Amino acid sequence: MQTNMKKNRLLRGALGVAAACALLLPGGEALAVGSDKPLTVKESLLLAGNHLIGILNPEEHYLPYWEMTILPNYRARLTRGWPAHNLGRWLDAMMRAERSVGQHIPPEMEEAMVANVKRFFDNPDCIPLNPDLDPFGGGDRLIWDLHSLREGMLALNALARYRDNAWAAEMGDRMIESLDAKLRDDGTWDIERFDAFRERGPQVIHNLEACDTHGRMLEAVIWFYETTRSEKARRFADRLARWHYDNTTQEDGRINPACRADHTHSYLGTLRGLLLYGRLTGRPEYIRRVADAYRVNVPAVVKPSGYTSHNMAVESFGETTSPGDAVQLALWLHEEGYDEFLDDADRLVRSRILPSQIVASEPLVPFAEGTCDAWRDLDRRVIGAYGGCHYHSPHGSSMPVTDVTSADVHTLVDVYNHIAVARPGGVEVVMHLDYEDDNVSVETSREDKGRLKITMKRGGELSVHVPRWTPAGSVRFTRDGRDVRFGTEGCFAQLRKVPAGAVIGMEYDLPETVTRETDQGVEYTVYWKGDEVVGISPNTDFFPLFPDMPAE
């Protein structure tokens, strides 16, 4: 599938596209981005990791750039800003990818990033604060915020979990103790107790609302507890979870208006934290509350195409972090017995997150000439970024933003770990994406029909997700080329006593449908084949996500 090649020479997305180049990844691994075969999730993650390595600024302690700013005329530059937010995003994404897909982290860059984290936490509040002047504050002030508390905890958890870093474990406890003392019982912050307030003035990024600060932080606190078994973390998680259960969610699934949730990613992040808390504590009411909230709110904010406004109260630019939140919520809810959302996970990965990855571009022209790092090697450094923020079109104009690419890496690592899962007595294939481990190999193709080729490396039961949108009568399974009967349980087909070495085939129809949705005031006609967007009208010629299709 090619996307607007004559206009953009852009080979778009990681599914069903040809790619434009071959890339040598750090560590010497060659990744071919130049055949008709689509990138797998693993290959897409390695490409994104390569981009994140290139997004560090060697002229400023290897701090991450905020974004690569690209204008519609392809003039571009790397833009500095808000490193307190991106330190944790970068470390969390890269270390998760290292653990799951073997992403290489250059030692000198990791050493610099660890030093940056220590430098940013060197303050009486024990929160991530930029000790330097920041261009987000006009370049002449020391700015600060409480929106990045989650990111700070992500950094400390990553270092404690993946590097057994004792300093990070101790600092995490100190951070939690500091915040616990400054958070009032009504969910508001006693802002004047922050040393940063006295030294720097009012925070200047985001706001002080509950979801935007401590709600989104809950999941990171839970991960930190699971890593360190810190009782301070457990008590703080208890406090945050109780408050948001009572004040952010409601029994009917709707958002409690009193919490004034607006930032989409922060609200969905709060739901993620509540679900993880329910799982941690064995409290099914928390998981049920998240399922009810998902059922009501996710379809309202995450459009079928995956377009999601950065804000919920007033529609603004699109981004790909919130669809990733929905994907992970759907996967986690499946693990808790709620299968009704599982089709969302495949669709959003296939039709929003992976298509947003930049695999080629028109030549980028630096804003200015010179030796500044922000102007250098832009054509290479843009490759691998996920769609970031869609400033010019809800279905294109993929601006590479570091925190969004990092968040999408975080999501796709979780997706990779859920494609095929070992269960007692067998394997469960949850997502229709390529994958291989010691238990199973999964190969997918989509042409006239959807097809899976599942090779069982170990014998046992095989459970395979059957999409609800395909006609039930079109689903066919074979074993070593011969039709086999299968049972069903919910949205899964069940094959019993599959021997090691058996090759199981699955085939199903890909219904072609046309839908319409209004995004940013424009009505779009969306063409589907199964759960994959194969065309859109009207389209953009600036980093389009999807191919052109003729208007009806």
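User: Is the crossing of H10 and H12 left-handed or right-handed?

Analyst: The crossing of H10 and H12 is left-handed. That name applies if the near helix is turned anticlockwise from the far one by less than a right angle, and right-handed if clockwise. This is a predicted model, where local features need pLDDT of at least 70, side-chain atom pairs count only at pLDDT 80 or more, and totals for chains, interfaces and linings use all residues. Residues are numbered from 1 along each chain as its sequence is written, and side-chain values use heavy atoms, without hydrogens and water.

User: Why are H10 and H12 called oblique?

Analyst: The axes of H10 (residues 231–247) and H12 (residues 284–301) cross at roughly 45° and come within 11 Å. Under 35 degrees would be roughly parallel, over 145 roughly antiparallel, 65 to 115 roughly perpendicular, and the rest is oblique, so H10 and H12 are oblique to each other.

User: Which residues meet there?

Analyst: Ala241, Arg242 and Tyr245 of H10 meet Glu285, Tyr286 and Arg289 of H12, where contact means heavy atoms within 4.5 Å. By class, three are nonpolar, none polar and three charged.

User: What makes H13 and H16 roughly parallel?

Analyst: H13 (residues 321–335) and H16 (residues 402–418) have axes that cross at roughly 25° and come within 9 Å. That angle lies in the roughly parallel class, and therefore H13 and H16 carry that name. Their crossing is left-handed. Among the residues that meet are Val327, Leu331 and Trp332 in H13, and Val404, His410 and Val415 in H16. The contact of H13 with H16 has six nonpolar, six polar and four charged residues.

User: How do you know whether Asn86 is buried or exposed?

Analyst: Asn86 has 0% relative accessibility, so Asn86 counts as buried. The cut-offs are under 20% relative accessible area for buried and over 50% for exposed, with partly exposed in between (1.4 Å probe, protein chains only). Asn86 sits in helix H3 (residues 83–101). Leaving out residues up to four places away in sequence, Asn86 touches Pro64, Tyr65, Trp66, Thr402 and Asp403.

User: Which residues have the most contacts inside the largest nonpolar core?

Analyst: They are Ile70, Met175 and Leu462, in a core of 149 residues. Such a core is a set of buried Ala, Val, Leu, Ile, Met, Phe, Trp, Tyr and Cys residues joined through side-chain atoms within 4.5 Å. Beyond its neighbours within four places in sequence, Leu462 is in contact with residues including Val427, Val429, Ile454, Met456 and Ile504. Another core, of seven residues, lies apart, with Trp528, Val533, Leu545 and Phe546 among them.

Definitions and conventions: Axes are lines fitted to C-alpha atoms, for helices over the stretch in contact, and angles run from 0 to 180 degrees between N-to-C directions. Helices (H or I, at least four residues) and strands (E, at least two) are DSSP runs, numbered from the N terminus. Ala, Val, Leu, Ile, Met, Phe, Trp, Tyr, Cys and Pro count as nonpolar, Asp, Glu, Lys and Arg as charged, and the others, Gly among them, as polar.
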